[in-house]
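Me: I have a structure open and would like to learn how to read it. Can we go feature by feature?

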Amino acid sequence: MKVRRRSLPGPLPIWAEIVLLPLVNIALAFIIVGVIVAIIGVDPFHALRLLVVGAVGSSESIGYTLYYATNFTFTGLAVAVAFHAGLFNIGGEGQAYIGGLGCGLAVLALDRWLPAWLLVPIAIAAAALFGAAWAAVPAWLQAWRGSHIVITTIMFNFVASALMVYLMVNVLIAPGSMTPQSRTFAPSGRIPAMHDVLQAVGIAVAPSALNLSIVLALACCVAVWVFLWHTPWGYALRTMGHNPEAAVYAGTNLRRMTMVAMCLSGALAGFVGVNELMGVHHRIVLDFPAGYGFAGIAVALMGRSHPLGIVLAALLFGALQQGGAELAFEIPSITREMVVVIQGLIILFSGALAHLPRPWLQALLVRRA
Amino acid sequence: MQALTPAAAAIELRGIDKSFGVVHAVRGVSLRIEPGTITGIVGENGAGKSTLMSILYGLYRADAGEIRVGGQPVEMASPRDAIAHGIGMVHQHFMLIDTFTVLENMVLGAEGGLLLAGGLAAARAELARLARDYGLSVDPDARVADLSVGEQQRVEILKVLFRGARILILDEPSAVLTPQETDRLFDILRTLKDRGVTVILITHKLREIMAVTDRVHVMRQGRIVAERRTRDTGSEELAELMVGRKVRLDLDKVPSRRGEILLRTEHLSLVDDRGVRLLDDVGIELRAGEIVGIAGVTGNGQSELLQVLAGIRAPSDGRLTVCGHVVDADHPGNPAEMRALGLAHVPEDRLRQGMVAAFQASETSILGYQDGPPFTRHYLLDGPAVGAHCAELMERFDVRPRSPGLRSSHFSGGNQQKLVLAREIARRPKVLLVGQPTRGVDIGAIEFIHRELVKARDAGCAVLVVSVELDEILSLADRILVMFAGRIVGEVEPGRADERTLGLMMAGAEAA
C-alpha cells in the first residue's frame with residue numbers, strides 16, 4: 001500500500017511565536033535594507049555597524065534610545081488596548097498632542113505654587129485626562145452614531161494639530177517670544193532627567209533626553225497587563241474585541257465599553273506629552289508628537305499587543321530612531337529620508353508581512369513524530 | 001469481510017490518517033463505496049466523519065493514505081481537484097448568494113468567458129436538462145432569497161450536479177428542513193441513485209439512515225467500527241455501535257410537578273428596523289418544574305424570542321415578566337440584569353454567542369458571571385478560582401479534555417456545548433432558556449444533556465427549550481408550543497403529538 005506522509009502545519013511553539021518570528025521578520029527587513037544601502041554605494045556592514053554603535057555604543061546613545069523607546073511604549077500600549085477591544089485607534093498622534101497640552105496647561109497654571117511632588121502627579125493626570133477626552137469624541141461618534149473610528153481618529157489628528165498651532169501662536173506663546181512656544185516650566189513642573197538622578201546616587205552617565213518618564217512607561221505596561229488579563233473589565237473588553245455578540249450575551253454594554261477602551265487608549269497616548277514636555281522641552285512646543293502616534297501602530301503589531309512584546313518592539317524602534325540619526329550624521333549619502341525608509345521596511349516586514357515566514361518556520365520546527 | 005467485487009468502486013479510501021495537533025481525528029480509515037448507491041456515514045460529533053469527508057473533498061490533506069476514484073489513485077489538493085474527479089459536496093450551511101437568481105448562483109465560479117450572457121444561456125440549457133433528468137425543478141430566474149429552505153437546498157444540489165458531479169456528499173442535509181421537506185429530499189436522493197449518481201450522506205440521525213441508505217458505515221473515535229447493509233440493521237444497533245455502549249434513546253422522566261409562574265409574556269412583539277414583524281403577539285407562561293418546548297422551522301421567530309427573553313433585545317410591544325420583574329419597550333432589560341434575577345441562557349449558537357473561541361476554556365466558563373464574587377475579589381479576577389471553577393464544571397459535565405487552559409475553539413462541538421450548559425446550570429437558575437440544546441452534539445452527549453435538563457426541571461427550574469429537532473422536543477417537553485412566522489400557532493401535549501401533525505403546524509398549514 002502506498003503511503004504518503006506530509007509535514008503538518010501545526011501551530012508554532014509559543015517562544016517561536018513571540019521571539020523567533022519577529023526576529024526573522026527583522027532579519028528579512030535588514031537584508032532588503034542592506035541591498036538598498038549597497039545600491040546607493042555604501043558598505044552595508046559599515047552602515048550596520050554605525051547604526052548599532054549609534055544606538056547602543058555609549059551611555060549617551062543608550063539614553064536617547066531609551067528616551068525614544070519611552071514614547072513608543074506609550075503609543076504602542078495605546079494602540080494595543082484599543083486593539084484588544086476590537087477598535088483601531090489611529091489617533092494616537094492627536095491624543096499625544098492634546099495630552100501634552102493637558103500637562104502643559106496644568107504646569108503653567110500651577111508651577112509657581114505647588115511643589116514637584118504634588119504638581120507632577122497632577123500634570124500627569126491632566127495629560128491622561130486630555131488624551132482621553134480627545135479619544136472620547138471619536139469613541140462617542142462610533143458608539144452612538146456609527147461613524148467609523150478609523151476615519152474619525154485620523155480626522156482628529158488634523159484637528160489636534162490645527163488647534164495646537166492656533167493656541168501656540170495666539171494664546172500660549174510666551175510674551176516677547178518669536179517662536180511659538182510657551183514660557184519655560186518652573187523646576188517643580190519638570191520630570192528629572194535620568195543623568196541627574198543617577199548622578200545623585202553617584203553614577204556618572206553622559207547627559208541625554210532620558211528622564212524618569214520611563215518609569216511611568218514601565219508602570220503603564222504592568223497596569224495594562226493587570227487590567228487586560230486580571231480584572232473583570234479587561235475580561236469584558238477582550239470579550240468585546242474577540243466576539244461582540246458574546247459580549248452582549250454576557251451583559252456588557254458595548255457602547256460604554258467602547259468609551260472605556262478608547263479613553264484608556266487616549267490617556268496612554270497622552271503620556272507622550274509628559275515625556276516630551278515635562279521631561280525634555282520644559283515648555284509647550286509645536287509638533288512634539290513627531291510621528292510617535294503612528295509608529296505606535298507598528299509597535300503594537302510587532303509586540304503582538306502584549307505589554308512585554310511592546311516593550312521589546314519599542315526598544316527596537318527607539319534604537320532605530322537613535323541609530324538612524326547617527327547614521328545620517330556619519331554618512332552623508334544616507335539621508336534622514338533613508339532612515340525613514342529603513343524604519344518603513346521594518347514596519348512592513350513586522351506588520352503587514354508579519355506572517356510571511358510562518359510556513360517556513362512551521363516546516364522547520366513543527367515536525368510530526 | 002467482503003468478497004472482491006469486479007467493478008471498480010466509486011470511491012475507495014485506503015488507510016486515511018489525519019491529525020490536528022494532538023487530536024488524532026481519523027485513524028487509518030479504509031472504505032469502499034459502490035457506484036450508484038446511497039451510503040450513510042454515521043457517528044458522534046468528533047467521530048471524524050466530517051474530517052474524513054473534508055479529506056475526500058480536498059478541504060484537508062490526509063497525513064497518510066490513498067484516495068481512489070473509479071479505481072484510479074488521485075491527489076486531492078483542493079476542492080477543485082475533487083470537482084474535476086466528479087465529486088461534489090452540499091454543505092450544511094448553504095453557500096448561496098441570497099440576492100442572486102438561481103441561474104446566477106449556478107454559474108458562480110464557472111461563469112464561462114468574459115461576458116456573462118453566454119455562460120448564462122448555456123447554464124439555462126444545462127439546468128433544464130438536469131431538471132428533466134433528475135426531476136429537480138427550480139425556477140432559474142427566482143431570487144434565492146425568495147425560495148424556501150428546501151428549494152435552496154435543491155439549488156445547492158443542482159449546483160453540484162451542474163459542475164458534473166457523479167458523486168454527491170451531503171453533510172447533515174436535513175438540519176434545516178421540516179419533516180415533509182426531508183421526505184422530499186429523500187425522494188430526490190432516490191431519483192439521483194436511479195440515474196447512477198453515488199450519494200454519501202453524513203448524518204447523526206439514525207431515522208434518516210434507516211429511511212434512505214443502502215449501506216451504512218459507523219465511525220467512532222476516528223475509526224470505521226462497523227459496516228452494515230441497512231436492511232440488516234436497526235437504529236438501536238447503530239446507536240450502540242456509535243457510542244460503544246448501550247444507549248437509551250427514550251428519556252425516562254417522572255411527570256412534571258408544576259409550580260408558580262416564573263416567566264410570562266403578554267402580547268410580546270418585536271419589529272425590526274425594516275418594519276418586519278419578527279415576533280407577533282406572543283403569550284407564553286413558564287412555570288417552575290416544567291419543560292416547555294418550542295418547535296418550529298429555523299427562522300420563524302424562535303431566535304428572536306430567546307433574545308427578548310434573555311434581555312438581549314428589547315420588545316417593541318407587549319411585556320415580559322421574569323420572576324416578578326417587568327420588562328417592556330419603555331423598561332428594556334439587559335442580560336446582566338436578567339442573570340441577576342435568576343435567568344440563565346444557553347444560546348442557540350454557542351460559537352457566536354455563548355463563548356469566545358480565542359479564550360481559554362476557563363475564561364469561557366465565567367462568561368457573563370465575571371463581575372463580583374466568587375470570580376472577582378478586590379477588583380481583580382481570581383485566576384485560581386476561575387480555573388478551579390472550570391475544572392469542577394468539566395468534571396461534573398464530563399467535558400473532554402479536562403483542560404481549563406485549552407483554547408475554547410479546540411474543544412469539539414459537544415464538549416463546548418457541555419461547558420456552556422454547565423456554566424448556566426451550575427448557577428441553579430430559576431429560569432433556564434436553552435436554544436438548540438444538542439445542535440452538533442453527539443448521541444452520547446445528547447443523552448447526558450437531556451438528563452441534565454430534566455434534572456434541572458425536577459429541581460424546580462422552569463426550562464424553555466427551543467429546538468428544530470422534533471424528536472428532542474417530543475422526548476423532553478412537558479408542553480409543546482409551535483411557532484410559525486413569529487406567532488405561537490398552537491400548543492400540544494407531547495402524549496398526543498406526532499411528527500406529522502407537528503410538521504404541518506410548523507409549516508403553517510393549520511393552527512391546531
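Me: Where does helix α5(A) bend, and which proline follows?

Reply: This is a predicted model. α5(A) bends by about 30 degrees at A:Ala136. A proline, A:Pro138, follows within four residues.

Me: How do I picture a helix in general?

Reply: An α-helix has 3.6 residues a turn, so residues three or four places apart point the same way. Helix α5 of chain A covers residues 116–145, which is 30 residues. At 1.5 Å a residue, α5(A) should span 44 Å. Its end C-alpha atoms are 42 Å apart, so the two values agree.

Me: How many helices and strands does chain A have?

Reply: Chain A has 15 helices and zero strands. Chain B has 17 helices and 23 strands.

Me: What radius of gyration does chain A have, against that of a compact globule?

Reply: Start from the number of residues. With 369 residues, a compact globule would come near 21 Å, and chain A has 22 Å, which agrees. Its C-alpha trace spans about 90 × 60 × 40 Å along the principal axes.

Me: And what are the values for chain B?

Reply: Chain B has 512 residues, for which a compact globule would have a radius of gyration near 24 Å. Chain B has 24 Å, which agrees. Its C-alpha atoms fill a box of roughly 70 × 50 × 50 Å, again along the principal axes.

Me: How do I read a sheet?

Reply: Strands of a sheet pair through backbone hydrogen bonds, either parallel or antiparallel. In chain B, one open sheet of six strands has the order β6-β7-β8-β3-β9-β10, with mixed pairing.

Me: Which strands are at the edges of that sheet?

Reply: They are β6 (87–90) and β10 (223–229) of chain B, and each pairs on one side only. The twist averages 20 degrees from one strand to the next.

Me: Which way do β3 and β9 of chain B pair, parallel or antiparallel?

Reply: Strand β3 (residues 38–43) and strand β9 (residues 215–220) of chain B pair in the parallel sense, over five bridges. Take one position: B:Gly40 stands opposite B:Val216 in β9(B).

Me: How many bridges join β17(B) to β20 of chain B?

Reply: Four bridges join them, and the two strands run parallel. B:Val346 has B:Val434 in β20(B) as its bridge partner.

Me: Which peptide bonds in chain B are cis?

Reply: Omega is the angle to check. The bond from B:Pro373 to B:Pro374 is cis, with omega near 5 degrees. B:Pro374 is in the loop between α12 (361–364) and β18 (376–377) of chain B. The bond from B:Arg400 to B:Pro401 is cis too, with omega near -10 degrees. B:Pro401 lies in the loop between α13 (383–396) and α14 (413–425) of chain B.

Me: How many residues of each chain are in contact with the other?

Reply: 23 residues of chain A are in contact with 32 residues of chain B. The elements giving two or more residues to chain A's side are α9 (232–242) and α10 (244–250) of chain A. By class, that side has eleven nonpolar, seven polar and five charged residues.

Notes
Residues numbered from 1 in each chain as written. Chains lettered and ligands numbered in written order. Predicted model: local features only at pLDDT ≥ 70, side-chain atom pairs only at ≥ 80, totals over all residues. Contact = placed C-beta atoms within 7 Å. Nonpolar A, V, L, I, M, F, W, Y, C, P; charged D, E, K, R; others polar. Pairing = 2+ DSSP bridges. Expected span 1.5 Å × (residues − 1). Bend = angle between axes of the 7 residues up to and from the residue. Rg over C-alpha atoms; globule rule 2.2 N^0.38 Å. Axes fitted to C-alpha atoms, helices over the stretch in contact; angles between N-to-C directions.
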